[in-house]
Amino acid sequence: MNEKGQYVDIFPAGNQLNLISDCESCFGLCCVALPFAASSDFAMDKHAGQPCPNLKTDFRCGVHTKLRPLGFRGCTVYDCFGAGQKVSQITYDGKDWRQLPASAKQMFEVFPIMRQLHELLWYLSESLTFQATHSIHKELQRALTKTEQLTLLSPSAILELDVAAHRADVNILLLQTSELVRTEARRLQKNPAKKQKTYNRGADLIGANLKGADLRCANLRGAYLIAANLKSADLRAADLIGADLRDADLSGANLTESIFLTQSQLNAAKGDADTKLPPSLLHPEHWTAK
């Protein structure tokens, strides 16, 4: 949203502010469209398309400030990358699923697809901020523009998209981005690690003790870092795309130059005021809650 409250459709390269969730401009889509099951993350079962009982008539959450104590931790972790307001205000022109009950099912099916497209926009936008990716900027810009154009299609056209194929095409560029950025970061390191452990995609690091570890430039794509101890770890220029950081302890860790980190990943982790983050991301409220 710009200063006039208008949605900015085509955003400048590298500007991720337009991909931040704006719940005030959304019809509570994540609270209706998505299913969840009773677990450590949710206090109850809910089917896809079924409004959460905590959703109020103004599409706001009635227990927003008490979600974690009430057993809805999963709600505090989720982030739609701005897909909610795009579907609400652009795809359906500000008409909600209560006003258009005949379109409700379609709207709920469009939302998760839009969320995938907006996630790709986040990664592509970030890729264009790196000097190291200058050699592929044209390809990245084309992919970003194409992805943004897909988000502006009609609901029926969005439902017909082969999102998996598009993700695969974009992923080639994201892999190139990661390699270019990490290689350049290694070259510029003042105190490179003498011997640094390498990890394969999807590395099993569940509960690993990585306290104070030098993980600069590490490839942690899709790594399972659930409940890992990453206190004071150096994760600058580490590729964290798809890494599972649920309950990982990032207290005092340095993630300032990490690659492809998202707010959702941080929301799922633990941390404190000393955790250093990229400027586009925020310290989750529960990190400082007493």
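How near do the axes of α3 and α4 come, and at what angle do they cross? They come within 9 Å and cross at roughly 155 degrees, where axes are lines fitted to C-alpha atoms, for helices over the stretch in contact, and angles run from 0 to 180 degrees between N-to-C directions. The model is predicted: local features need pLDDT of at least 70, side-chain atom pairs count only at pLDDT 80 or more, and totals for chains, interfaces and linings use all residues. Residues are numbered from 1 along each chain as its sequence is written, and side-chain values use heavy atoms, with hydrogens and water left out.

**Helix α3**

- Helix α3 (104-127) has 24 residues and spans 35 Å from its first C-alpha to its last, close to the 34 Å expected at 1.5 Å a residue; the expected span is 1.5 Å times one less than the number of residues.
- Helices (H or I, at least four residues) are DSSP runs numbered from the N terminus, as are strands (E, at least two).
- Of the 24 residues of α3, 19 are buried, so the helix is largely enclosed by the rest of the structure; buried means under 20% relative accessible area, exposed over 50%, and partly exposed in between (1.4 Å probe, protein chains only).

- The 155 degree crossing makes α3 roughly antiparallel to α4; angles under 35 degrees count as roughly parallel, over 145 as roughly antiparallel, 65 to 115 as roughly perpendicular and the rest as oblique.
- The crossing of α3 and α4 is left-handed, a term for a near helix turned anticlockwise from the far one by less than a right angle, with clockwise giving right-handed.
- Residues of α3 that meet α4 include M114, L117, H118 and L121, and their counterparts in α4 include H137, L140, A143 and L144; contact means heavy atoms within 4.5 Å.
- The axes of α3 and α6 (residues 163-188) come within 10 Å and cross at roughly 20 degrees, and these two helices are therefore roughly parallel to each other.
- The crossing of α3 and α6 is also left-handed.

**Aromatic pairs**

- A search of the whole structure finds seven aromatic pairs; rings of Phe, Tyr and Trp (its six-membered ring) pair if their centres lie within 6.5 Å, and planes under 30 degrees apart count as stacked, over 60 as edge-to-face and the rest as tilted.
- The rings of W97 and F108 have centres 5.7 Å apart and planes at 65 degrees, so this pair is edge-to-face.
- W97 lies in the loop between α2 (83-91) and α3, and F108 in α3 itself, so the pair ties together parts eleven residues apart in sequence.
- W97 is buried at 10% relative accessible area, and F108 is buried at 10%.
- Ring pairs link F27, F59, W97 and F108 into a cluster.

**Individual residues**

- F81, in the loop between α1 (73-77) and α2, has phi near 60 degrees, a positive value in a residue other than glycine, and is buried at 2% relative accessibility.
- D247 lies in the loop between α6 and α7; its phi is near 60 degrees, again positive in a residue other than glycine, and D247 is partly exposed at 27% relative accessibility.
- S251 is found in the loop between α6 and α7 (263-268) and is buried at 15% relative accessibility.
- Leaving aside neighbours within four places in sequence, S251 is in contact with residues including L230, K231, K270 and D272.
- K138, in helix α4 (residues 137-151), is exposed at 65% relative accessible area.
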